[in-house]
Amino acid sequence: MFDTATLPGTPGCYLFLDNGGTIIYVGKAKNLKKRVSSYFQKKDHDPKTRSLVAAIARVSVMVTNTETEALLLENNLIKKHQPKYNIDLKDAKRYAYIELTREPFPRIGIARRTGIGEATYFGPFVSAAERDALIHIVRKIFHLRSCRRLPKRACLRHHMHTCSAPCIGAIGEEEYHLQVERAAALLKGKSSELLISLREEMAGYSSREEYEKALALRNQIAAVSHLAERQHVERPKETDQDVIGYTVSDDKVYLMVFSVEKGLLAGKQEYSFDNREDFFEEFLVQYYADRVPPSELILSHEVGEAMAGYLTERKGKTVQVTLPKIGEKKKLLDLVEMNLQHAFLKNELKVKDLQASLGLADPPEVIECFDISHLSGTAMVGSMVQFRNGIPDKRNYRRYKIKTVEGIDDFASIAEVVKRRYDRLLREEAEMPGLIIIDGGKGQLSAAGNTLLNLDLTIPVIAIAKRKEEVFVPGEMLSRRLDEKGMALHYIQEIRNEAHRFAIAYNRLLRKKTLVTDHSKPKKSRKKKGT
């Protein structure tokens, strides 16, 4: 398809463009000629790579001096163009940081992203509750301001003794910065050094008979000690580590990152994306594009020298890459593996349990659930949510305004939305679900089942009634009572509750729009009767 003979055999980046001139993939290579040629010479590509190759209309290359430079350039190009076929991490969980701004009187707050504005960041925090509790304690101990702009007079927090009120000059810049430094030390986990400093300062105030200041420091010492004990802030090690492991199942990559700060596990992040060649190094490039790498990376799989160079470039000093076979670091990798099994493969187990409980021929990997919502017959809407391999697939959620039903008729409404959904999938020749769940009882189940028969579809369908959490199956007179503690019933309830939430949200939105429209209409003026 392309004359790859003219490509240079040097490091660099290659860009694949489609017929419209849109960049659809960016990659890096140690040898551009060999790497680009491999796309058009190999025959055993994975499905996604085959789709990519079929869409390529033009190839562009950018030569660099080294493979590390190519990695840096690749990262910048991906961030700029966001190509369709590169790994997309936008659906991954984003954890917030605590930030201390760099102002004359720094502010403490929460930041979703690092590198925005002038600030020092601490985190990320997996638990919002832990983060909020920590920031509350730090404010209370060190009396740091949280307002975005300094007000002209003291706020309520000053009167509650949780802010030192630099806005009215109640504290000097030097003294305030001392409190900021102490807060930063605590957030970094250096509580032992902070406690030594505070105790020395308290002893000094006591010897000078400045008992009020000594008392304030004693309270700080007590609070810091309690926090250190509760969160196990005392850490035996000085280096920070990221432990990264992954598994591949059904052409899907499940990856987890454990962040270890000074020997203590500080958080984890989970990702899943389509399997492809060189996915691991591509992930590392994007993951560390917006964060500084730790001192050590503990991995289950080897990476090239260029990647180690890229990490070092990002950090500004050498990053050690370790592939442990035994010892404490291997135990950390094993912990990641165990969490991977729990976080991702548990979804496979609940799908299989549901299959066994309902006696289905195949595992219901794709499940769609319908619910109807209304308020006394007004704003009648339907919702459809989709779960794929045990987790919500929100890209395939759908909502419906009921068009053919007047008044309150849940049976006819269910029939309408089921018909609209699968009539469209038939026309588009799209993938059908492995199971349909209806929020309701026998009547709703019958309405949905008859609609599917009219469409000549033989998709398994069940209903779940909320009152007793009974499951109804077509052809069975009595409801089927699944194990209340079993994964199958919990999975059905999870899907049903999500469909219910989605339907109610749409119903409220329509009612709100109706109210706004009614209020915006000009009111007719009434003429007063003459006297």
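Ile437 stands opposite Ile462 in strand β17. This is a predicted model, in which local features need pLDDT of at least 70 and side-chain atom pairs count only at pLDDT 80 or more, while totals for chains, interfaces and linings use all residues. Residues are numbered from 1 along each chain as its sequence is written, and side-chain values use heavy atoms, with hydrogens and water left out.

Back to the strands. β16 covers residues 435-439, and β17 covers residues 461-465. Helices and strands here are DSSP runs numbered from the N terminus, a helix being H or I with at least four residues and a strand being E with at least two. β16 and β17 pair in the parallel sense over 4 bridges; pairing requires that DSSP finds at least two bridges between the strands. From β16 the chain passes through α13 to β17, and this β-α-β crossover is right-handed. That is, with the strands pointing away from the viewer, the path from the first strand over the helix to the second runs clockwise.

How many of the 5 residues of β16 are buried? The count is 5 of the 5, so the strand is largely enclosed by the rest of the structure. Buried means under 20% relative accessible area, exposed means over 50%, and partly exposed is in between, using a 1.4 Å probe and protein chains only. Both faces of β16 are covered, with Leu435, Ile437 and Asp439 on one side and Ile436 and Ile438 on the other.

Next, the helix of that crossover. Ala447 is found in α13, residues 442-454, and is buried, at a relative accessible area of 13%. Leaving out residues up to four places away in sequence, Ala447 touches Phe411 and Ala415, where contact means heavy atoms within 4.5 Å. Ala447 and Ser413 are 34 residues apart in sequence, and their C-alpha atoms are 8.9 Å apart.

In the loop between α13 and β17 we find Asp456. Asp456 has a positive phi of about 60 degrees although it is not a glycine, and it counts as exposed, at 70% relative accessibility. Asn389 also has a positive phi, about 55 degrees, and is not a glycine. Asn389 lies in the loop between β13 and β14 and is partly exposed, at 38%.

Now the aromatic residues. The structure holds 19 aromatic pairs. Rings of Phe, Tyr and Trp (its six-membered ring) pair if their centres lie within 6.5 Å; planes under 30 degrees apart count as stacked, over 60 as edge-to-face and the rest as tilted. Tyr271 and Phe283 form an edge-to-face pair, 5.2 Å centre to centre with 70 degrees between the planes. Tyr271 lies in β9 and Phe283 in α9, so the pair ties together parts that are 12 residues apart in sequence. Both Tyr271 and Phe283 are buried.

Is the pair of Phe283 and Tyr287 stacked or edge-to-face? The ring centres are 5.4 Å apart and the planes are at 20 degrees, so this pair is stacked. Phe283 and Tyr287 both lie in α9, 4 residues apart, about one turn of the helix. Ring pairs link these two residues into a cluster whose members include Tyr246, Tyr271 and Phe273.

Lastly, the charged end of Arg291 sits over the ring of Tyr287, 3.8 Å from its centre. The criterion is NZ of Lys or CZ of Arg within 6 Å of the ring centre and within 35 degrees of the ring normal.
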